[in-house]
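Reader: Could you walk me through one part of this model in some detail? I'd like to hear about a loop, the strands beside it and the pocket in that area.

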Amino acid sequence: TGSILEKMPDQFSNTYADELFSSPALCRRLLQFQRQVEKGTEVAVGSSVQFHGLKNTQELNGLRGTPLCFEASSGRWVVAVDGETREVRVKPENVSVVVEPVKGRWECADPANALRVIGRARKPDPGEEGCGTVVEVAWRSSKTPENWITNFKPSLVCNQIGRKEGKVHEGFQTAYSSMRTLVHRNLQESLDDMGHCEPVRAVVIGYSLGGALATLCSHDLAETYRYDTRCVTWGGPRV
């Protein structure tokens, strides 16, 4: 994924800038935003992390801790639990960095299905005339076995999103539906925080699995809120 994203900016801006955004700089910024959702925030010694997906110590899920060191031999982080004296060893996928809220920016995840999406609301930049506020949403690509299980549920089922017309990929619809309420809530809260102005333009992007989820999300936002919606995907499967 990293190598593909590194090569994309020039190709992307040359292909889509004039038609969609009128500015190569805006296209490059979208790609930088996509890199953020792909990479995530790195866990480091001394950072604040939150536990999730733990099975043997489920009481820690949702609590916070501070990484002390990474044990290469076991492939686990040694984390001091905040407010307690104990230290626990956890796999990297069971902790995530706590990102302090930034006005207009949000992120949410479904650890059980290894899904992650980030979003932000901002004022329009030059070249984005015709809208009062811009919201950007980026969906992460396939990263784990759970993601591939989603990919390999290709049966067509009745569409339950937007106009609820036609049929869609069962796995993609199930994955998007598990995140839909969180995405809508965070998106609306970010707009409220920004004191947004109408009309709203939504730009939804994604790569691979994220491209499929971005397609469903853009349709959902266009039908639910009547936003002026743009969907940009690459390497995305048919939905």
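Author: Let's start with a term: buried means under 20% relative accessible area, exposed means over 50%, and partly exposed is in between, all with a 1.4 Å probe and protein chains only. His52 is buried, at a relative accessible area of 18%. Bear in mind that this is a predicted model, where local features need pLDDT of at least 70, side-chain atom pairs count only at pLDDT 80 or more, and totals for chains, interfaces and linings use all residues. Residues are numbered from 1 along each chain as its sequence is written, and side-chain values use heavy atoms, with hydrogens and water left out.

So where does His52 sit? Its place is the loop between strand 1 (49-51) and strand 2 (64-71); strands here are DSSP runs of E with at least two residues, numbered from the N terminus. Leaving aside residues up to four places away in sequence, His52 touches Asn61, Glu93, Asn94, Val95, Ser96 and Pro111, where contact means heavy atoms within 4.5 Å. With Ser96 there is also a side-chain to side-chain polar contact at 3.4 Å. For that label, a pair of N or O atoms must be within 3.5 Å; within protein, one must be able to donate a hydrogen and the other to accept it, and residues adjacent in sequence count only if both atoms are side-chain atoms.

Now the strands on either side of that loop. Strand 1 and strand 2 run antiparallel and are joined by two bridges; two strands pair if DSSP finds at least two bridges between them. Gln50 faces Arg64 of strand 2 across this pairing. Strand 2 is also antiparallel to strand 3 (residues 76-81), with six bridges, and Glu71 has Arg76 of strand 3 as its bridge partner. Four residues lie between the strands of that hairpin, and Gly75 takes a positive phi near 70 degrees there.

On to the second largest pocket. A pocket is an open set of points on a 1 Å grid over the protein atoms alone, with protein on both sides within 12 Å along at least five of seven lines; lining residues have an atom within 4 Å of a point. Gly53, Leu54, Lys55, Asn56 and Asn94 lie nearest its centre, out of 13 lining residues. Asn94 is also one of the residues His52 touches. Strand 4 (residues 87-90) gives the most to the lining, with three residues.

Key. 1 Å grid on protein atoms, 1.4 Å probe; cavity = no way out; pocket = protein on both sides within 12 Å on 5 of 7 lines; lining within 4 Å.
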